[in-house]
Amino acid sequence: MNRLEQQGHFDLHTTYNRSDLTSRIVHIGFGAFHRGHQAVYNDITNQESGDLWGICEVSMFSSIEPLKIQDCCFSVVEQSAEKTSTRLIRTVSEALDGRHDGIQAIIKKIAEPQVAIVSLTVTEKGYCIDPQTRQLDIKNEHVIHDLESDGLPKTVIGLLVQALKQRMLNGQSGLSIMSCDNIPENGILTRNAVIGFAQQKDAMLADWIVKKVSFPSTMVDRIVPAMQVEEYALIEKLTNVKDQVGVVCEDFSQWVIEDKFIAGRPNWALAGALFVDDVVPYEEMKLRMLNGSHSFLAYNGSLAGYEFIYQCMQDNSLKKVTKNLMEEQSHSLKKGLNVDINEYINLLLQRFSNPKIKHKTAQIAMDGSQKLPQRALDPFLTLQTTGCHSTYIPIMVAGWAHYIINSINNHVDVKDPLASQFIEIVETASSPQQALQQLLNIERIFGKPNQALFNLVNKAFEEISDKGICAFIEKIK
Ligand code: CS2
């Protein structure tokens with residue numbers, strides 16, 4: 001028994017024998033979301049099924065030593081507004097990072113014969129995809145590096161392709177690569193990136209991947225904010241153990257998975273996951289209604305001075321406008337999803353209002369260039385083609401533009417892969433309006449110019465400038 005198992009006071013923990021775990025899953029991206037989501041599903045499933053799937057946690061760029069020091073166990077505190085429960089996660093079999101263990105060790109691990117799934121939470125930008133074409137971005141400097149050199153890869157995609165090559169050369173079976181990031185059709189996108197990369201390098205390998213590797217799509221959902229000092233202290237208070245890698249998250253969680261695993265999978269349904277043939281309707285609903293509203297609040301809530309999402313929900317006008325946006329987004333969804341949309345909206349508003357979950361607007365505001373295409377542009381285009389008017393989606397975009405311009409003018413760091421382009425635009429523009437035009441002309445975010453969208457965004461942008469965000473929200477609620 002390790003320190004957490006021995007000294008921790010947990011409400012919930014599994015009891016299977018951890019020494020029987022083997023790494024049948026390699027997970028890349030040991031971030032807060034993965035710890036509070038897939039790791040929990042996997043731990044419960046091990047317990048319920050007795051069919052043990054260990055996870056080898058991988059971090060390509062940052063250190064994973066704190067997890068190793070804790071013998072790979074960590075805490076998850078789940079909090080609704082009313083109730084708190086503590087859980088010990090015991091499903092991690094080992095951990096590797098690029099810094100200490102080396103990238104080669106990660107490649108070797110993925111090439112081990114018992115590995116059946118590589119799962120990913122590497123954020124939108126980790127896939128090195130051009131968001132408009134949804135194909136590998138061959139102009140990305142790290143992709144260029146990995147394509148030109150057979151040395152250590154700098155991208156996750158380069159790493160996966162090297163590992164798959166090892167498997168092919170060793171005469172091993174294929175596996176499944178499962179994205180758990182908030183991207184539409186994340187399986188297809190991952191496939192485009194991996195096969196696109198392999199095609200540039202080695203046609204035989206690309207062909208092997210086409211035949212031997214499956215790329216299930218998933219819709220993942222749980223609000224797991226980045227950890228702050230306060231949350232670490234809460235874990236210690238509740239469980240009696242200092243935990244460097246624990247997370248605090250909401251009690252809700254959802255996972256919808258395309259059942260397409262070429263080398264087997266855990267029966268995550270035992271922990272509440274839903275296996276389906278087509279994930280698209282679920283992910284559209286979640287990406288547009290939840291994540292779209294999150295981005296709306298990240299920008300407009302932050303302009304209104306709110307640090308956290310739950311504070312935005314305490315502002316009745318902002319809450320009402322968020323609800324209106326959710327309704328608008330719901331009109332862009334494909335028919336046939338067996339979900340009561342009003343119930344879903346109420347659930348989202350309730351989840352956002354949870355005061356125990358300190359989700360920073362600034363955290364969600366990050367990487368807007370990667371998020372707006374699926375959260376704003378796709379639904380706008382769908383509504384446009386079906387002849388429906390959009391009121392609130394353009395306000396999300398106007399809020400984003402104000403947020404970017406304000407941050408740069410106030411020398412606040414903008415966290416986005418296109419940050420240097422934004423800075424150049426804002427610093428050389430003669431007015432905020434001109435900066436807005438140039439931001440909207442960035443094809444990687446907004447695709448071909450869409451005059452109807454631009455007009456609506458312009459109007460909202462002007463009104464926010466003239467009236468101030470709070471009066472504007474009050475007016476449109
Ligand atoms: C958020 C998501 O940071 C963001 O962009 O919208 O991380 C969100 O909290 C999760 O997708 C919820 O499932």
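Colleague: In which sense do S4 and S5 pair, and over how many bridges?

Modeller: This is a predicted model, to begin with. Strand S4 (residues 74-79) pairs with S5 in the antiparallel sense, over six bridges. The two strands form a hairpin, with four residues between them.

Colleague: Which residue in S5 is the bridge partner of glutamate 78?

Modeller: Serine 85.

Colleague: And how does strand S1 pair with S5?

Modeller: In the parallel sense, over two bridges. S1 covers residues 12-13. Histidine 13 stands opposite leucine 88 of S5.

Colleague: How many residues of S5 are buried?

Modeller: Five of the six, counting residues 84-89. So the rest of the structure largely encloses S5.

Colleague: Switching to helix H14. What span should its 13 residues have?

Modeller: At 1.5 Å a residue, residues 341-353 should span 18 Å. The end C-alpha atoms are 18 Å apart, which agrees.

Colleague: Which H14 residues are buried?

Modeller: Tyr344, Ile345, Leu348, Leu349, Arg351 and Phe352. Down the helix axis they fall within an arc of 160 degrees, so they line one face of H14.

Colleague: Why would they line up like that?

Modeller: An α-helix has 3.6 residues a turn, so residues three or four places apart point the same way.

Colleague: What covers the buried residues of H14?

Modeller: The cover includes strands S11 (218-221) and S12 (247-250), plus helices H11 (280-303), H12 (309-313) and H13 (316-330).

Colleague: Which exposed residues sit on the face turned away?

Modeller: Asn342, Glu343 and Gln350.

Colleague: What about aspartate 340, at the start of H14?

Modeller: One of its side-chain oxygens comes within 3.0 Å of the backbone nitrogen of asparagine 342.

Terms used
Residues are numbered from 1 along each chain as its sequence is written. This is a predicted model: local features need pLDDT of at least 70, side-chain atom pairs count only at pLDDT 80 or more; totals for chains, interfaces and linings use all residues. Side-chain values use heavy atoms; hydrogens and water are left out. The expected span of a helix is 1.5 Å times one less than its number of residues. Buried means under 20% relative accessible area, exposed over 50%, partly exposed in between (1.4 Å probe, protein chains only). The arc is that of the directions from the helix axis to the C-beta atoms. Contact means heavy atoms within 4.5 Å. A polar contact is a pair of N or O atoms within 3.5 Å; within protein, one must be able to donate a hydrogen and the other to accept it, and residues adjacent in sequence count only if both atoms are side-chain atoms. Two strands pair if DSSP finds at least two bridges between them.
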